[in-house]
Amino acid sequence: MPLLSVENLDVFYGDFHAVHGVTLSVEEGQTVAIIGSNGAGKSTLLQAITGLNTDKRGNVRFAGTHIARMRADLIARQGITMVPEGRRLFGSLTVEDNLLVGGSTDRNGPWTLKAVYDLFPRLGELHRMQASTLSGGQQQMVAIGRALMTNPRLLLCDEISLGLAPKIIGDIYRCFDVIRESGVSIVIIEQNVAQACHASQHIYCLLEGRVSLEGDPRTLSMKDITAAYFGTEHRP
Ligand code: ATP
């Protein structure tokens, strides 16, 4: 049984139908990437899974529990945590206090302050600094660390590499192996297709709210991915 299974999910903003009949699954221990151009519905899909978007139809099951009609706080308690686009840190709080916000949930597990500082040693050095004074990459580490402090079973990451230098993106993605080894499954939304293919075992491409392609990135051709991403036919 997959850890997460989404079946025929439709999501609406008033009259606007943003996500159409999306079906996807995440196996335990997997990293799954969702790719697609601006406005394809990626963030809407993740928000619907976490209960932030309530106007939806379809089924979402997490570890066997139906969560599509559950409140966002109860879904979080099941073990789904989002690293939101734009990080949304508490800028006036220190690094450590931001991390402790994540640690205030009642879920237990391997992710403690020490474990986060072992993963991101730079955050240990900066633990007394105000979050707003950190670089973009350091802030992203805090956002990931704060999410890990909730001891999730599934981590949803919305565009974590946006605006960061390639070296920093590489450093952050390298930590994902450690996170998965700790028993956390991961979903990433990633604009950088090569990065998404490299970091994941399965990708879903969204086009205008629908899944236009899915599969193991090692077996999909870049031609097919590009066609699914932009909605263009490719001719042999
Ligand atoms: P991006 O990469 O730009 O974040 P995305 O793939 O995450 O894009 P969404 O943000 O999920 O796309 O948006 C999907 C569609 O829903 C877009 O057409 C967008 O304009 C629309 N949309 C998103 N949020 C709202 C909202 N709060 N109210 C109305 N329409 C919205």
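1. The model is predicted.

2. Start with Thr 150. Its relative accessibility is 10%, so Thr 150 counts as buried, the cut-off being under 20%. Its side chain makes a polar contact of 2.7 Å with the side chain of Thr 81. Beyond residues up to four places away in sequence, Thr 150 touches Thr 81, Gly 102, Thr 105 and Arg 107.

3. Asn 151 has a positive phi of about 50°, yet it is not a glycine. Most residues other than glycine have a negative phi. I would look at this residue in the model. Is Asn 151 buried or exposed? It is buried, at a relative accessible area of 7%.

4. Ala 63 also has a positive phi, about 50°, and is not a glycine. It lies in the loop between strand E4 (56–62) and strand E5 (65–66). With 30% relative accessibility, Ala 63 counts as partly exposed.

5. Helix H6 spans residues 136–148, 13 residues in total. From first C-alpha to last it reaches 18 Å, close to the 18 Å expected at 1.5 Å a residue. How many of its 13 residues are buried? Twelve are, and H6 is mostly covered. The buried residues run through Gly 137, Gln 138, Gln 139, Gln 140, Met 141, Val 142, Ala 143, Ile 144, Gly 145, Arg 146, Ala 147 and Leu 148. In an α-helix there are 3.6 residues a turn, so residues three or four places apart point the same way.

6. What packs against the buried residues of H6? The strands are E6 (80–83) and E7 (154–158). The helices are H3 (95–102), H4 (113–119), H5 (121–125) and H7 (166–181).

7. Gly 137 belongs to H6. Gly 137 is buried, with a relative accessible area of 7%. Setting aside residues up to four places away in sequence, it touches Leu 164, Ile 168 and Ile 172. Thr 81 is 56 residues from Gly 137 along the chain, and their C-alpha atoms are separated by 20 Å.

8. Asn 98 lies in helix H3. It counts as buried, at 0% relative accessibility. Its contacts, leaving aside neighbours within four places in sequence, are Leu 89, Phe 90, Leu 93, Ala 131, Val 142 and Arg 146. Val 142 and Arg 146 are also among the buried residues of H6.

9. Gly 86 is in the loop between E6 and H3. At 61% relative accessibility, Gly 86 counts as exposed. Gly 86 and Arg 210 are 124 residues apart in sequence and 24 Å apart C-alpha to C-alpha.

10. Now the ligand site. Which residues come closest to the ligand? Among the 14 that surround it, they are Gly 39, Gly 41, Lys 42, Ser 43 and Thr 44. The shell divides into four nonpolar, seven polar and three charged residues. Strand E2 (16–26) and helix H1 (42–49) each supply at least two residues of this shell. H1 gives the most, with three residues.

11. A polar backbone atom of Gly 39 is 2.8 Å from a ligand oxygen. For Gln 191, a polar side-chain atom lies 3.1 Å from an oxygen atom of the ligand. An N or O atom in the side chain of Asn 38 is 3.3 Å from a ligand oxygen. Taken alone the ligand exposes 630 Å², and the protein buries 60% of that.

12. H1 itself is largely enclosed by the rest of the structure, because six of its eight residues are buried. These are Lys 42, Thr 44, Leu 45, Leu 46, Ala 48 and Ile 49. Lys 42 and Thr 44 are also among the residues closest to the ligand. After H1 comes Gly 51, with a positive phi near 85°.

Technical notes:
Residues are numbered from 1 along each chain as its sequence is written. This is a predicted model: local features need pLDDT of at least 70, side-chain atom pairs count only at pLDDT 80 or more; totals for chains, interfaces and linings use all residues. Side-chain values use heavy atoms; hydrogens and water are left out. A residue is near a molecule or strand if one of its heavy atoms lies within 4 Å of it. A polar contact is a pair of N or O atoms within 3.5 Å; within protein, one must be able to donate a hydrogen and the other to accept it, and residues adjacent in sequence count only if both atoms are side-chain atoms. Accessible areas come from the Shrake-Rupley method with a 1.4 Å probe; for residues, only the protein chains shown count as cover. Helices (H or I, at least four residues) and strands (E, at least two) are DSSP runs, numbered from the N terminus. Ala, Val, Leu, Ile, Met, Phe, Trp, Tyr, Cys and Pro count as nonpolar, Asp, Glu, Lys and Arg as charged, and the others, Gly among them, as polar. The expected span of a helix is 1.5 Å times one less than its number of residues. Buried means under 20% relative accessible area, exposed over 50%, partly exposed in between (1.4 Å probe, protein chains only). Contact means heavy atoms within 4.5 Å.
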